[in-house]
Amino acid sequence: MNDKYRTAACGVDCNECAQYKVTINHDLEAAELLVEWFKSQGWIGKNEGAEAVMKKSPLCKGCWNITDDCFWKCGCGEIDFRICCNEKQINHCGECDDFPCSHYNEWASWHESHQKAMDYLLRKK
């Protein structure tokens, strides 16, 4: 996979993902974007900020580089698109004959970046 444009199994452009930027680039601005969400999940305290998010690293190394120390373990809720893609021997969901499946449609509804990933993969089909 090209390091300048990393496409996750789900279609997310890793280079646009705050979690990936925090891990790979130690990007404090990207960490700031995650503060409120981390607080809402109880992962950092109410008086903590971007530095606390940074301490959770590595948040994400990209789903194709998953390691035991990754915060997310590459699970997107109950769905792990990486495992599905590996089983089907495809590079990303957009190559699947069933794309977009019901799991993907549900995931795409969770966040604007997920919908953007779906739109990107639909254009590639």
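## Aromatic cluster and ring pairs

In this predicted model, Phe81, Phe99, Tyr104 and Trp107 form one aromatic cluster. The aromatic pairs number 7. One of them joins tryptophan 37 and phenylalanine 38 in an edge-to-face arrangement, with the centres 5.8 Å apart and 80° between the planes.

Phenylalanine 81 and tyrosine 104 form a tilted pair, 5.3 Å centre to centre with 50° between the planes. Because phenylalanine 81 belongs to helix H4 and tyrosine 104 to helix H5, this pair ties together parts 23 residues apart in sequence. Phenylalanine 81 has a relative accessible area of 5% and is therefore buried; tyrosine 104, at 1%, also counts as buried.

## Nonpolar cores

The largest nonpolar core comprises 20 residues, of which Cys10, Val12, Phe81, Cys93, Phe99, Tyr104 and Trp107 touch the most other members. Helices H4 (81-88), H5 (102-108) and H6 (112-124) each contribute at least two residues to this core. A second, separate core contains 12 residues, including Ala18, Ala30, Ile44 and Ala50.

## Two loop positions

Histidine 92 is located in the loop between H4 and H5. Its relative accessibility is 8%, so histidine 92 counts as buried. Beyond residues up to four places away in sequence, histidine 92 touches Ala8, Ala9, Cys85, Leu121 and Lys124.

Glycine 45 occupies the loop between helix H2 (28-41) and helix H3 (50-55). With a relative accessible area of 29%, glycine 45 is partly exposed. Its C-alpha lies 9.7 Å from that of valine 35, a residue 10 positions away in sequence.

Terms used: Residues numbered from 1 in each chain as written. Predicted model: local features only at pLDDT ≥ 70, side-chain atom pairs only at ≥ 80, totals over all residues. Heavy atoms only, no water. Core = buried A, V, L, I, M, F, W, Y, C linked by side-chain atoms within 4.5 Å. Buried < 20%, exposed > 50% of the residue type's maximum accessible area, 1.4 Å probe, protein only. Helix = DSSP H or I, 4+ residues; strand = E, 2+ residues; numbered from the N terminus. Contact = heavy atoms within 4.5 Å. Phe/Tyr/Trp six-rings, centres within 6.5 Å; stacked < 30°, edge-to-face > 60°.
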